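Thanks for coming. Please have the sequence and the structure open while I speak.

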Amino acid sequence: MKFSVIFEAQLADPTVEREHQVIHDCVEQAVLAEQMGFDRIWAVEHHSLKWYAHMSAPEVFLTFVAARTHTIRIGHGVVCMPFNFNHPVRVAERAAMLDLLSGGRLDLGAGRGGTEQETSLCGVDRERTTQEVEEALRIIGKAWQEEELEYHGELIDIDPHPILPRPRQTPHPPLFLACSRAETLVQAAELGVGALVMGFAGPESIATMRAVYDGAVAGRDGARLVSTAVNDHFSVLCPTIVLDDPDEARRIGIRGQRFFAQSIGHWYGGAGVPDEAVVAGADEAAQMRRAAEQVVARLHEQAIPVRPTSTATFHADHAYGSADDAIAYVQRLKEAGADEIMCLIQMGTVPQEACLETLRQWGEKVIPHFRSA
């Protein structure tokens, strides 16, 4: 089983100075993750989602991290693939350059970036995002395996051109798709790409999602594969804070998750501005449940690309507490079918020292437990 860290660059207090500090904090965490034995980092791509994600240029962030590390894999988790965000050929060029310079450490995930806030910024047709993501993956897979790319599809035509440079990995970096519901899991399996399961669904839901993915893998006939290099890797999100004081870890983790719930609800469902105030002695689990109820209600009311049963399922049963608590939770994810544990540590209200200590605890206690097993 693999272990990774995913970065949104969340920001509870979005001043310019604080924003700059959070980006540098994420770099510090990524470098420490390599030292602690993590296999990979992932960086999202989002645009104009104040509070929720300030990681608008992950290709730059990942390149900076690659230059400061040596072994950890560098993952786009994910690139917004609709054409007005990123032309597929430009994605292939940038990704190949990073794969080359990093010594063949790149993984490339695709996603929709489907909020109205993001699509309106870049003039993306929200009705075409799913189709454009699939066509982009097909173009990238083709560009990296042929001397010249020529593509004539339903949405775009590309006359013969060499796509330069070629990636270091042969035939190309592994491809992934962000998945939050059954339809995208089936799509990922039929395209032959790995699944990045981004929700807070928990082990029982993960087991159900794994069954959907495996069923689609078993039933595919190869007609929709985007490349000759098939990747059936199943990565799942694991919110976590681990400290010597498990009660404090749980408080900090659930508070961070509440911020996550409120900030995603703001952009995906029209909820209010995230509540950044921390009230001494507050029941954070109860506060988070109330925030989640508000998010779910709004998500039900609006035609948006996120389902309340997946990304918007917020509960407190995650890897918060001691290292032993994290080991027990990861064991449940492993039994549910996870090939990779994507640690979500950098949530908007979590202090940097708690992020760094969590990485150390995972590196010294959690990861070795599963490596030795």
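**Cavities, a pocket and a patch**

The count comes to 2 cavities of 30 Å³ or more. Keep in mind that this is a predicted model. As for the general idea, rolling a probe the size of a water molecule over the atoms shows where empty space is left.

Let us start with the largest cavity. It holds about 50 Å³ of space. By type, the lining of the largest cavity has 5 nonpolar, 3 polar and 2 charged residues.

Next is the second largest cavity, with about 30 Å³ of space. Its lining is made up of E59, H76, V79, V91, R94, A95 and L108. Two elements give two or more residues to this lining, β3 (73-80) and α3. Which element has the largest share of the lining of the second largest cavity? That is α3, with 3 residues. Sorted by type, the lining of the second largest cavity comes to 4 nonpolar, 1 polar and 2 charged residues.

About 580 Å³ of space lies in the largest pocket. Its lining counts 32 residues, and those nearest the centre of the pocket are R112, A178, S180, M198 and Y268. Several elements give two or more residues to the lining of the largest pocket: β3, α5 (129-143), β7 (175-179), α6 (182-191) and α8 (246-269). How many residues in the lining of the largest pocket are nonpolar, polar and charged? The division is 17 nonpolar, 10 polar and 5 charged.

Last, the surface. M97, L100 and L101 form a nonpolar patch there, and together they have about 290 Å² of accessible area. Find L101 in helix α3, which covers residues 88-101. This is the helix with the largest share of the lining of the second largest cavity. Is L101 buried or exposed? Exposed counts as over 50% relative accessible area. L101 has 63% relative accessibility, so it counts as exposed.

That is the end of my part.

Note on methods: Residues numbered from 1 in each chain as written. Predicted model: local features only at pLDDT ≥ 70, side-chain atom pairs only at ≥ 80, totals over all residues. Heavy atoms only, no water. Patch = residues over 30% accessible without salt bridge, like charges linked within 9 Å, V, L, I, M, F, W, Y side chains within 5 Å. Areas by Shrake-Rupley, 256 points an atom, 1.4 Å probe, with all protein chains shown as cover. Salt bridge = Lys/Arg side-chain N within 4 Å of Asp/Glu carboxyl O. Helix = DSSP H or I, 4+ residues; strand = E, 2+ residues; numbered from the N terminus. Buried < 20%, exposed > 50% of the residue type's maximum accessible area, 1.4 Å probe, protein only. 1 Å grid on protein atoms, 1.4 Å probe; cavity = no way out; pocket = protein on both sides within 12 Å on 5 of 7 lines; lining within 4 Å. Points joined across faces, edges and corners; volume = space filled by probe spheres on them. Nonpolar A, V, L, I, M, F, W, Y, C, P; charged D, E, K, R; others polar.
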